[in-house]
Amino acid sequence: MRVRLPEFDFTDVSPRWGANLEAVHLVNAQGIIPAYVEPFLIKVMRRAVEELDPQADAELLRDIDLFNRQEGQHYRLHRAFNVMVRDGGYPAMTAYEAVLERDYEHFLRTRSLRWLLAYCEGFETIGSTGAELWVDGLMETELGAAPSPAVDLWKWHLAEEYEHRTVVNRVYHRLYGRPRLFAWLYRARGIVTASRHLNRRTAPLRTYLLDTDRRGMTAEQRRQSEEREAATARKLGAANLRRLARAFSPFYDPATTPPPAGQQTTLARYPAAAAQSKKT
């Protein structure tokens, strides 16, 4: 893993940054996730650190530090992305963000570390699974998107999701890996819990974004837009499920997941932070 410090300038980026408006707003709605789940992940990892042995778990602790620093960059840049979308004509987006932020505050107050880690591991599994769609350009094709800071943001982010895909999984198994059958079932439930929660929070936002743009459409244009929305959701949903299915195996190990073909090329565009390069 490497900590990278890219900058993406969204000044001249439109919230409608691809030809497939329905796919673009699906991604725009999902953009609120990193802005709030990443700080949540960092806080959960800090709790987990307190349960680990500084000597026996030294390598894992080092990886948690790198993981947290990567996630810090992710949420910082996605918040800038969200400002671009919000200021582009969707001011009510703040209400949807606030609900998600409150959810994570509630989880931290009321849930056990085991539950929190299972949720985080579920989210990380979903993220690393989606890396192939972004890094290898499948999402760009579906979006009808030309190269832009918005595309670059998502490709870089998902490439790093693949890069640090093992960290939360290792922490979860280090602390709660026994008994093995229960650990597997609880981890699988974490994937379902995270997926359902995030879909429940982003689907209404996607509806709001699309309804805002559909106000200027004719009845026929709106009908076509709704058909494209349904077709896009089916296509991308099926693509994600095919990749995610392997994670439900009791023998799943994210370390063995093959990288996207463009993984190294994507990350090579963003050199590691200078101070870290001297250490690693």
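Pockets and their linings

In the second largest pocket, H9 provides the largest share of the lining, 4 residues. Helices here are DSSP runs (H or I, at least four residues), numbered from the N terminus. The model is predicted: local features need pLDDT of at least 70, side-chain atom pairs count only at pLDDT 80 or more, and totals for chains, interfaces and linings use all residues. Residues are numbered from 1 along each chain as its sequence is written, and side-chain values use heavy atoms, without hydrogens and water.

A pocket is an open set of points on a 1 Å grid over the protein atoms alone, where a 1.4 Å probe fits and protein lies on both sides within 12 Å along at least five of seven lines; lining residues have an atom within 4 Å of a point. A volume is the space filled by probe spheres set on the points.

The second largest pocket has a volume of about 180 Å³. Helix H8 (167-176) and H9 each supply at least two residues of its lining. Among the lining residues are His-173, Arg-187, Trp-184 and Asp-253. By class, the lining has 5 nonpolar, 3 polar and 4 charged residues (Ala, Val, Leu, Ile, Met, Phe, Trp, Tyr, Cys and Pro count as nonpolar, Asp, Glu, Lys and Arg as charged, the others, Gly among them, as polar).

The largest pocket holds about 920 Å³ of space. It is lined by 33 residues, of which Leu-26, Gln-30, Ile-126, Asn-199 and Asn-240 are the closest to its centre. Helices that each supply at least two lining residues include H1 (21-30), H5 (113-135) and H10 (219-244). H9 gives the most to this lining, with 9 residues. The lining of the largest pocket divides into 21 nonpolar, 10 polar and 2 charged residues.
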